[in-house]
Amino acid sequence: MTYTPRAVAGMLGVAPTTLRTWDQRYGLGPSIRTDGGHRRYEEADVDVLRRMVVLTGQGVSAAAAAVLARQKPAARPSLPLTPLGSEDAVLARRSFLAAAKRLDEPMMSDLAEKLITDHGVVCAWESVFVPSLVELGELVADTGQGVEIEHLASGSVLFALRGIPRASSPGVLSALLSCAPDEQHWLPLEALGAALSEQGRMWRNLGARVPADALYDAVTRLRPAVALVWAHRPELALRVPLEELGARPGTVLAVAGAGWNGLELPPFVHRPATLTEAIQLVVDRTSP
């Protein structure tokens, strides 16, 4: 599977000119050039660029980020997951928020990685990451300050989620994840993807602000078992071509996010209410 620069820019939420700059300055370009001289990115190229986006978003200089982006995350040892009690969850949130307010990115990343390793993605996401990020978002909304804190915290969570090794064996693409057109909140999709990686399922995330025609084309080309679209506001959800997407044979269509609340959905559209339900939907569709 290869992608055009425009498609990759859409997946990552960056400008095509940014991709050209990263190619020219740091060698983070496409592996393939057609006979006509057109650039085409492979999956491995896109993974490197995803890490580049995360690192630069955390404030790492572009030159340093380019070096780090080429380094694949180390595989984690498989350890039994332990429950996270309510008191421990409160302490974890306090520690994460304290590190965030100090802009201590290394500490946040270490805390996030340990939570995922010890307790799994679902537990870490629902018990610590979501409450912490909501609190930081409310701080920004109430005071108009702390945007840099919220962004650094989100980047740290994203980096930890990306550390989970992804399934790479040949087979059916279990899930294609995408934001609605102009939807920019794509961290929940990364949490779902990371949880699917824990289950050994293959997935792809088209990222933020995916145009309706690009989403339809991706579903047509990749033929995932499940296509899930995220929207956090109704006006964004209404721009998703549900009828067209639902007509694709062999793919179950699902939606998630607060943007779908109160909207009348076609009967063929699934609406998992929790991260666990979304995981189960994908697992059920791809189990032997």
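**Notes on a parallel sheet and its helices**

1. Five strands first: the 5 strands form an open sheet in the order β5-β4-β6-β7-β8, with parallel pairing. Its edge strands are β5 (203-205) and β8, each of which pairs on one side only. Here, two strands pair if DSSP finds at least two bridges between them. Helices (H or I, at least four residues) and strands (E, at least two) are DSSP runs, numbered from the N terminus.

2. A word on what you are looking at. This is a predicted model, in which local features need pLDDT of at least 70 and side-chain atom pairs count only at pLDDT 80 or more, while totals for chains, interfaces and linings use all residues. Residues are numbered from 1 along each chain as its sequence is written, and side-chain values use heavy atoms, leaving out hydrogens and water.

3. On confidence: pLDDT is the predictor's confidence in each residue, from 0 to 100. The protein has a mean pLDDT of 88, and 94% of its residues reach 70 or more. Please note residues 74-79, where pLDDT stays under 50 and the model has 9 contacts (heavy atoms within 4.5 Å) beyond four places in sequence.

4. Now to β7. In strand β7 (residues 252-256), 5 of the 5 residues are buried, so the strand is largely enclosed by the rest of the structure. Buried means under 20% relative accessible area, exposed over 50%, and partly exposed in between (1.4 Å probe, protein chains only). Val252, Ala254 and Ala256 point one way from β7, and Leu253 and Val255 point the other way. In a regular strand the side chains alternate between the two faces of the sheet.

5. The neighbours of β7 are worth a look. Strand β6 (residues 226-230) pairs with β7 in the parallel sense over 5 bridges, and Leu228 stands opposite Ala254. With strand β8 (residues 269-270), β7 pairs in the parallel sense over 2 bridges; there, Ala254 stands opposite His270.

6. Finally, the helices. Helix α7 (residues 121-143) and helix α9 (residues 187-198) pack at an angle of about 165 degrees, with their axes 10 Å apart. Axes are lines fitted to C-alpha atoms, for helices over the stretch in contact, and angles run from 0 to 180 degrees between N-to-C directions. The two helices, α7 and α9, are therefore roughly antiparallel to each other (an angle over 145 degrees). Val121, Val122, Trp125 and Leu133 of α7 meet residues of α9 including Leu187, Pro188 and Ala191. α9 also lies across β4, β5 and β6.

Technical notes
Parallel < 35°, antiparallel > 145°, perpendicular 65-115°, else oblique.
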